[in-house]
Amino acid sequence: MEEGKKNIYERLLRWRERHLSEKNLILILAFIVGVFSALAACLLKACIGWIQRFITVFLIQDGHTWWYLITPMIGIALAALFVHYIVRDDISHGITKILYAISQRKSIIKLHNTWSSIVGSALTIGFGGSVGAEAPIVLTGAAIGSNMAKLFRLSQKTMMLMIGCGAAGAIGGIFKAPIAGLVFTLEVLMMDLTMASVAPLLIASVTSTAITYIVMGMDSMFSQQMIEPFVISRVPWYILLGLLCGVASLYFTRATTRLETWFKANVRSVGMKIVAGGVTLGVLVFLFPPLYGEGYDVIAGLINGDSLSAYSSSPWMRFGSQGWMLIVYFVAVILLKAVASVATNGGGGVGGIFAPTLFTGAIVGFVFARILNTAGAYVPESNLALVGMAGLMSGVMHAPLTGIFLIAELTGGYHLFMPLMIVSVMSYVLILVFEPHSIYARRLAQKGELLTHNKDRSVLTLMHLDSVLEKDLQTVPPEMELGELVQVIAKSHRNIFPVTDADGKLQGILLLDEVRNIMFQPRLYRRFTVRQLMTSPPAVLEDTMPMEKVMEQFEDTGAWNLPVTNAEGVYLGMVSKSKIFSSYREVLVGFSDE
C-alpha cells in the first residue's frame with residue numbers, strides 16, 4: 001500500500017513538471033497556503049476563546065478573582081507537559097525560529113509545527129498566559145508554506161518564499177490586515193521585495209484575510225468611533241510620545257532578553273520551570289488583572305474610553321481610581337508586562353511578544369495622554385493609545401511600516417496615518433541608537449546567523465565553513481627532519497604543510513618558501529627539523545565560526561590560507577580565500593536568481 005501511495009505521488013510530480021510551470025505552481029501554492037493559514041488562525045482564536053469563556057463562566061465569576069492565582073499555572077503546566085512529552089521539541093520563540101530556518105536550515109521547518117504551536121499556545125493563552133498568539137500562528141503558517149514547498153520538491157529559494165507566504169497569510173488572517181501581513185514579511189522576516197515575490201505574498205495575505213472575514217465576520221479587531229481628526233498643533237505631543245515609545249521599547253527588549261537569560265541559567269528542570277513561571281505569573285495576574293491573557297480586551301477598553309474596566313477587578317481598587325492612582329497603576333502594568341511574558345514562556349508556555357508589544361504600547365500612549373490631560377493640556381486618549389501601539393511595534397520589532405499599516409487596518413481608521421508615521425519613526429530612530437536588531441533577530445545576529453537585506457552578509461550567512469574546508473593537505477610532525485620533509489614535499493601538490501603533534505593538535509604551519517633555499521642541500525637534511533622551520537599562522541579559525549567572522553580574519557591578517565581547528569585545537573583542515581570566493585559566487589548566483 002505504501003508503494004502504491006509512493007507511485008501516485010511520483011506520477012503527480014511528473015504530471016506537474018509536464019503541465020504546470022514553477023511560476024504558476026507557486027501562485028497556486030500561495031493561495032493554498034493562504035487558505036490553510038487563515039483556517040489555522042481562526043482555529044487558534046476559537047480555541048483560546050472557548051477556554052477563556054469556560055474559565056470566565058465557571059471559575060472567575062461573582063468576584064472569585066483568586067482563581068487568577070491558579071489558572072495561569074494550569075495553562076503553563078498543560079502546555080509544558082504537551083511540549084515535553086508529546087512534541088519533544090522546542091516550539092517557543094516562533095518568529096526567531098523562522099529567521100533561523102531561513103538563515104541556517106535551508107528553509108526547512110518541521111512538520112509538527114503546522115499544529116503543535118496551535119495546541120501549545122491555546123492552552124497557554126486560554127488559561128491566562130501573558131503572551132500573544134501571533135508568533136505561534138506565524139510559525140504555523142510558515143511551517144505550512146515550508147512543508148508545502150517540500151512536498152513538491154521546490155528549491156530552497158522557493159521554500160523561503162513559501163515561508164514568507166505562510167507568515168503573510170498568518171498575520172493577514174489573525175488580524176484581518178492583508179497589507180500588514182505583506183509588510184510584516186518584508187520587514188521582520190527581512191525578505192527582499194521583487195516582482196517574483198510580491199504576487200505570491202499578496203495572494204497568500206489577501207486570501208487568508210478573505211477567509212477570516214468569511215469565518216469570523218467583517219468587524220475590525222478594534223472597531224470604535226472615538227478617533228479624533230489629526231490636528232497639526234498636536235505634532236509636538238506625538239514627537240514626545242514617539243521618543244517615549246522608543247524608551248519603552250528599549251526597556252521591553254532588554255528586560256525580556258535579560259530575564260529570559262536569567263530564567264534559563266537558574267531554572268533547569270521542567271517541574272521547577274512550571275512552578276516558578278506559574279507562581280510568578282499567578283501573583284502578577286492576581287494583583288494586576290490586565291496582565292491576564294493577550295490583553296486585547298484592555299486595549300479595546302482604553303481606545304473606547306473605558307479605562308476603569310481594567311482597574312475595577314484589581315485589589316488596588318480599594319485605594320481609589322482618581323487622579324494619579326490610575327496612572328501609577330498602569331505604569332506598574334507597563335513595567336511588569338515583560339516579567340509576566342517571560343514568566344509565561346520561561347515556565348513552559350507557548351506564545352509570542354507580538355500581543356504584549358501592542359498591549360504595552362496602548363498603555364504607554366494612554367498614560368502619556370492621561371498625564372497631559374491631568375496637567376491641563378487636552379489630547380485625545382484614544383488616538384494616543386492607538387499610535388502608542390504602533391510606536392512600540394516599531395521599536396521592539398524594528399518594523400515601523402508594519403506598525404503603521406497594522407494599526408490602521410485594525411481600527412479601520414486610515415485618517416491616523418500622520419500621527420502613526422510620526423510616532424513610529426521617532427520610536428524606530430531612537431531604538432536604533434541602542435539596539436541595531438529587533439528582539440526577534442538579536443540572538444541570531446550575535447551569533448552571525450541572521451539573514452538580512454544586505455546581500456553580501458546574507459550570502460555569507462548562507463555559507464558554512466565546512467563547505468570550503470580543504471582536507472587534502474599533508475600534515476607533518478614537528479620532530480620530522482628536513483630529509484624526510486623533502487620526500488613529503490616531492491609527493492605533495494600543495495605548498496603549505498600544517499604541523500600537528502601526536503594528538504592531532506595544530507602546532508604551526510610550514511611554507512614551501514621557508515625551505516626552498518635549503519631543501520636541495522643533503523648535508524643539512526639531519527640538521528634541521530620541522531619545529532625549527534615552521535611558523536605560526538596569522539590566525540587560526542574555529543570550526544564553529546560564522547563565515548562573516550572568517551572573512552574578517554582574512555581581511556585583518558591579509559592571509560590567503562588559514563588553518564581550521566575545533567575547540568580543543570585539533571587540526572581539521574585549511575581554508576583558502578580563493579575557495580571562499582568561488583563558493584561565494586555560487587551561492588550569490590542562486591540567491592539573486594529570480
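Tutor: Start with the sheet: three strands form an open sheet in the order β3-β4-β5, with mixed pairing. Keep in mind that this is a predicted model.

Student: What makes β3 and β5 edge strands?
Tutor: Count partners. β3 (541-542) and β5 (571-576) each have a single partner strand, so one side of each is left without a neighbour in the sheet.

Student: How do you know that β3 and β4 pair?
Tutor: Pairing needs at least two bridges. Two bridges join β3 to β4 (residues 561-565), so the pair qualifies. These two strands run parallel.

Student: Which helix lies across β3, β4 and β5?
Tutor: Helix α23, residues 547-557. Its angle to β4 is about 135°.

Student: Why is helix α12 called largely enclosed?
Tutor: Buried means under 20% relative accessible area. Six of the eight residues of α12 (residues 296-303) are buried, so the rest of the structure largely encloses this helix. The buried residues are Tyr296, Val298, Ile299, Gly301, Leu302 and Ile303.

Student: What covers the buried residues of α12?
Tutor: The cover includes α2 (22-58), α6 (134-151), α7 (156-175), α13 (324-346), α14 (354-374) and α15 (381-397). Just after α12, Gly305 takes a positive phi of about 80°.

Student: Is Glu294 buried or exposed, and how do you know?
Tutor: The relative accessible area of Glu294 is 8%. The cut-off for buried is under 20%, so Glu294 counts as buried. This residue is found in the loop between α11 (270-287) and α12. Leaving out residues up to four places away in sequence, Glu294 touches Lys45, Ile48, Ile125, Gly129, Val131 and Gly132, among others. Lys337, Ala355 and Phe359 are also among its contacts.

Student: Why is Arg88 called exposed?
Tutor: Exposed means over 50%. Arg88 has 68% relative accessibility, so it counts as exposed. Arg88 lies in the loop between α3 (71-87) and α4. Its phi is positive, about 55°, although Arg88 is not a glycine.

Student: What makes Arg153 exposed?
Tutor: Apply the cut-off of over 50% again. Arg153 has 53% relative accessibility, so it counts as exposed. Arg153 is found in the loop between α6 and α7. Arg153 also has a positive phi of about 55° although it is not a glycine.

Student: What share of the protein is buried?
Tutor: Buried residues make up 55% of the 594 residues. The protein exposes about 26100 Å², and carbon and sulfur atoms supply 61% of that area.

Student: How many cavities of 30 Å³ or more are there, and what makes a space a cavity?
Tutor: The structure holds one cavity of 30 Å³ or more. The test is that a 1.4 Å probe fits but cannot get out. The largest cavity has a volume of about 190 Å³.

Student: Which residues lie nearest the centre of the largest cavity?
Tutor: His93, Thr96, Glu260, Ile439 and Tyr440, out of 16 lining residues. Helices α4 (94-104), α10 (235-266) and α18 (442-447) each supply at least two residues of the lining.

Note on methods. Residues are numbered from 1 along each chain as its sequence is written. This is a predicted model: local features need pLDDT of at least 70, side-chain atom pairs count only at pLDDT 80 or more; totals for chains, interfaces and linings use all residues. Side-chain values use heavy atoms; hydrogens and water are left out. Helices (H or I, at least four residues) and strands (E, at least two) are DSSP runs, numbered from the N terminus. Contact means heavy atoms within 4.5 Å. Axes are lines fitted to C-alpha atoms, for helices over the stretch in contact, and angles run from 0 to 180 degrees between N-to-C directions. Buried means under 20% relative accessible area, exposed over 50%, partly exposed in between (1.4 Å probe, protein chains only). Accessible areas come from the Shrake-Rupley method with a 1.4 Å probe; for residues, only the protein chains shown count as cover. On a 1 Å grid over the protein atoms alone, a cavity is a set of points where a 1.4 Å probe fits but cannot get out, and a pocket is an open set with protein on both sides within 12 Å along at least five of seven lines; lining residues have an atom within 4 Å of a point. Grid points are joined across faces, edges and corners, and a volume is the space filled by probe spheres set on the points.
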